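These are my notebook entries on one structure. I begin with the conventions and then go through the items I looked up.

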Amino acid sequence: CLFAYLAYRSLVFPYLSYDESGQFFMSKGLNHHSEPFANFGSLADALENNKHYNLDPGGFTVLLYFWSLISNECFWLRVLPMLFFAGFLFFSYFLIYDSTKNGMFAALGCGLLLLSEDITYQLQFLRAYSMEMCGTTSSLYLLLKWRDKLTSGRLLGLSVLLAFYCTSRYSFLFTAFVVGLIVAILIYKENNTRKLRMNRLLLFAFPVLLVCAVIFFG
């Protein structure tokens, strides 16, 4: 109920802040300093403007480019970060539940998160913050869920998830590094040959390193 109330109050707010409007312009291949009534640009223009006017890798800009093709209404634009925020709450709930086996305690934990203005401010904020929050909780949840049986499919799935969220904000690279370090330790402790452990480590590392290289050089 608290989430629904906060979502409603946020979605009906009809204006974008300076940072949010910049994010919107970048997703349209423009920037804060574009001429009034300038034509929207292509996806390549969006990436180019993101490179010069954003402090994030650009994954959210790309998502918003396609998301806003449906509508440019402020209500619709704010749904995108709200979905990531809902994912953040979803994985937060199950992180607590799997640790305590108490649904009431998990719900209370999520309720306490919603009492923090610093957290709820990201619910509708048209930037990549809620995307990063969702990436952090989802990657930690899967790591805890799969740590006892890291099959090759799960390694690849976790790596692709980390690679996707590495495009949210540069600070997520720290989360990816910590998760990767834990995965490397788990692989090292496996009762496998050195060659097989190395192959599994490369399988996990390749998607993340590939995306990081694209971000760094692009």
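I took helices (H or I, at least four residues) and strands (E, at least two) as DSSP runs, numbered from the N terminus. I am working on a predicted model, in which local features need pLDDT of at least 70, side-chain atom pairs count only at pLDDT 80 or more, and totals for chains, interfaces and linings use all residues. Residues are numbered from 1 along each chain as its sequence is written, and side-chain values use heavy atoms, with hydrogens and water left out.

**Entry 1: Asp148.** I located Asp148 in the loop between helix 8 (129-146) and helix 9 (152-165). I use buried for under 20% relative accessible area, exposed for over 50%, and partly exposed for values in between (1.4 Å probe, protein chains only). Asp148 is exposed because its relative accessible area is 71%.

**Entry 2: overall build.** I counted 11 helices and 0 strands in the protein. The C-alpha trace spans about 65 × 45 × 25 Å along its principal axes. Of the 218 residues, 44% count as buried. Contact here means heavy atoms within 4.5 Å. Among contacts between residues at least 6 apart in sequence, 66% join residues at least 24 apart.

**Entry 3: the core.** A nonpolar core is a set of buried Ala, Val, Leu, Ile, Met, Phe, Trp, Tyr and Cys residues joined through side-chain atoms within 4.5 Å. The largest one has 45 residues, and Phe60, Phe85, Leu158, Leu162 and Val183 have the most contacts inside it. Helix 5 gives the largest share of this core, 10 residues. I also listed what Val183 touches beyond four places in sequence: Leu143, Leu150, Leu155, Leu158 and Phe204.

Entry 4: Is Asn54 buried or exposed? Asn54 is buried, as its relative accessible area is 9%. I found Asn54 in the loop between helix 3 (43-53) and helix 4 (59-67). A polar contact is a pair of N or O atoms within 3.5 Å; within protein, one must be able to donate a hydrogen and the other to accept it, and residues adjacent in sequence count only if both atoms are side-chain atoms. The side chains of Asn54 and Asn50 make such a contact at 2.8 Å. A polar side-chain atom of Asn54 also lies 3.5 Å from the backbone nitrogen of Asp56.

**Entry 5: salt bridges.** I counted 7 salt bridges in the structure, each a side-chain nitrogen of Lys or Arg within 4 Å of a carboxyl oxygen of Asp or Glu. Asp56 and Arg127 form one of them (3.0 Å, N to O), and both residues are buried. Arg169 and Glu132 form another (2.9 Å, N to O). Arg169 lies in the loop between helix 9 and helix 10 and Glu132 in helix 8, so this pair ties together parts 37 residues apart in sequence. Glu132 counts as buried because its relative accessibility is 13%. In the pair of Glu190 and Arg200, the closest N and O atoms are 2.7 Å apart. Both Glu190 and Arg200 are buried. Salt bridges that share partners join Asp56, Arg127, Glu132 and Arg169 into one network.
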